[in-house]
Amino acid sequence: FNGGVRKGDVIIKINAIEAKDIDSLPVFLNKLPDKQDAILQVIRKNETQNLSISLEIFNKQKYLKRIDLIREGIVTEENRLQLGILFNKLNLLPAAEEELKKVLDENENNAIAHWRLGETFARLGKSKEAIEELTSAKEINPNQFEPHVLLGEIFMNLGDWEKALQSYKKSREINPSYIDGHRIIGAIYEVLGETDLAEKEIKTYLKSHLDIPQAYIAVANTYKVLKKPDKQISTYEKGLKLNSNNPEILFGLAETLRQSGKHKQAIKEYQTLLSKFPDNYLMRFGIAHAYMGTEEYKKAKKEILLALKINNTDPQAYNSLGIINDSDGNYIEAIEAYQNAIKLDPNNPETHLSLGMSYSDIKKYNEAIDSFKKSIAIMPNQETALSLLANTYNRLEKNELAIETYKKLVAVNPNNLSARKSLGLLYRINKEYDLALDQYN
């Protein structure tokens with residue numbers, strides 16, 4: 001078994017099977033008939049010289065002792081709890097769930113077990129079950145900090161901002177030193193339209209981190225999640241007053257300016273960065289897109305080609321090169337760029353669509369049809385690809401294929417009047433007048 005990204009030469013042998021990387025271990029163990037027994041064997045046999053999942057972090061000796069006790073039949077509530085926590089950390093979530101449920105079968109008032117089971121359910125994407133367990137945990141022990149934080153996170157993900165606010169407020173009440181709570185609560189107030197309260201919380205958070213630029217980055221990222229680009233930009237600018245040469249803040253500002261359509265300002269920031277980091281791929285990629293925004297395609301092309309010299313394995317860069325060439329009327333070069341992107345990422349429907357459009361621009365309609373069909377095969381209900389395919393069939397007078405495709409397009413969007421009109425005209429050509437009338441009603 002091989003999988004994931006190899007990290008060093010870690011080799012763990014179980015039953016003559018080799019897992020050659022750390023990240024794949026949970027997947028590897030899940031392939032075995034008894035994954036729990038397998039992980040116990042791995043840890044007990046001490047065949048894990050470089051296994052930095054890291055057994056030091058898990059307090060190796062403590063877990064070895066508890067695992068031995070469980071395997072020898074001397075089962076205690078605490079041992080099972082710690083075993084469930086270990087499985088959770090190793091991303092063996094079904095195994096963690098099983099052990100933690102056993103703890104609760106024996107003692108339904110174990111607040112830590114409810115919290116850890118809630119955490120496991122949250123990682124499994126079972127929000128309802130997670131909320132139930134975390135609620136039980138806080139009812140048993142109202143002053144346990146972690147369940148309140150995790151509940152807040154879940155409620156935020158569900159868009160229940162009032163409950164999220166209550167949970168985070170309670171967590172900060174339990175632990176006043178939870179400074180990050182100010183940033184999160186500020187974000188929630190922002191969503192709820194309580195601008196003054198939001199500003200107060202954010203200021204308190206930043207005041208506690210006056211000499212740490214990362215605090216401004218964290219706040220800016222919060223505004224990014226909330227889709228507040230103006231506040232994101234102003235936060236980065238405040239961070240630059242603290243440290244005008246911080247590349248992470250400069251890059252964040254440049255990216256935000258570009259993404260909010262302020263391309264000229266973005267170019268200025270990218271240029272500052274590239275004067276110091278000329279071989280940074282993301283900065284080259286960013287400035288290329290900023291030049292695309294100002295329709296300076298020659299400059300954009302120069303920058304994207306420099307980016308590809310740094311990293312020629314990113315399909316997005318080839319896709320961008322295709323768009324630049326298309327916009328400048330260089331359709332043959334655009335086709336070559338899209339083909340390179342597809343070699344690296346054959347399952348991107350947008351690239352196949354763009355390739356088809358470039359083929360259409362040079363009147364290679366059969367190749368265009370093949371590309372549109374591939375795009376639709378990957379994403380069946382996309383209007384643009386269906387429309388272009390139907391129009392191409394229509395142009396080539398392949399009426400039956402055009403009718404079939406327009407029908408699919410109308411099924412996806414019954415309000416597409418252009419498609420209905422084209423379909424009606426084709427029915428008239430076929431003398432199917434009743435069907436034609438249906439498209440005009």
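What follows is a chat about a predicted model of a protein.

Reader: What does the secondary structure come to?
Author: The model is predicted, and the protein in it has 25 helices and 2 strands.

Reader: How many residues are in the protein, and what percentage is buried?
Author: The protein has 441 residues, and 46% of them are buried.

Reader: What about the accessible surface?
Author: The accessible surface is about 23400 Å². Carbon and sulfur atoms hold 48% of that surface.

Reader: Which elements give two or more residues to its lining?
Author: Three helices do: H11 (195-207), H12 (213-225) and H13 (229-242).

Reader: Switching to helix H15. What should its residues span, and what is the distance between its end C-alpha atoms?
Author: H15 covers residues 263-276, which is 14 residues, so at 1.5 Å a residue the helix should span 20 Å. The end C-alpha atoms are 20 Å apart, in agreement with that.

Reader: Which of its residues are buried?
Author: In H15 the buried residues are His263, Ala266, Ile267, Glu269, Tyr270, Leu273 and Leu274.

Reader: And what covers them?
Author: The cover over the buried residues of H15 includes helix H14 (247-259), helix H16 (281-293) and helix H17 (297-310).

Reader: Thr120 now. Where is it, and is it buried or exposed?
Author: Thr120 sits in helix H6, residues 111-123. It counts as buried because its relative accessibility is 0%.

Reader: What is Thr120 in contact with?
Author: Setting aside neighbours within four places in sequence, Thr120 is in contact with Asn88, Leu93, Ala96, Glu97 and Leu100.

Reader: Let's do backbone angles. What is phi of Glu295?
Author: Phi of Glu295 is near 60°, which is positive although the residue is not glycine. Most residues other than glycine have a negative phi.

Reader: Where is Glu295, and is it buried or exposed?
Author: Glu295 lies in the loop between H16 and H17. With 58% relative accessibility, Glu295 counts as exposed.

Reader: And Lys363, what is its phi?
Author: Phi of Lys363 is near 65°, again a positive value in a residue other than glycine. Lys363 is in the loop between helix H20 (349-361) and helix H21 (365-378).

Reader: Why does Lys363 count as exposed?
Author: Because its relative accessible area is 59%, and exposed means over 50%.

Reader: Last one, Met156. Where is it found?
Author: Met156 is in helix H8, residues 145-158. Its relative accessible area is 23%, so Met156 is partly exposed.

Reader: Which residues is it in contact with?
Author: Leaving aside neighbours within four places in sequence, Met156 is in contact with Trp161, Ala164, Tyr168, Ile184 and Ile188.

Reader: How far apart are the C-alpha atoms of Met156 and Ile184?
Author: They are separated by 9.8 Å, with the two residues 28 residues apart along the chain.

Technical notes:
Residues numbered from 1 in each chain as written. Predicted model: local features only at pLDDT ≥ 70, side-chain atom pairs only at ≥ 80, totals over all residues. Heavy atoms only, no water. Helix = DSSP H or I, 4+ residues; strand = E, 2+ residues; numbered from the N terminus. Buried < 20%, exposed > 50% of the residue type's maximum accessible area, 1.4 Å probe, protein only. Areas by Shrake-Rupley, 256 points an atom, 1.4 Å probe, with all protein chains shown as cover. Expected span 1.5 Å × (residues − 1). Contact = heavy atoms within 4.5 Å.
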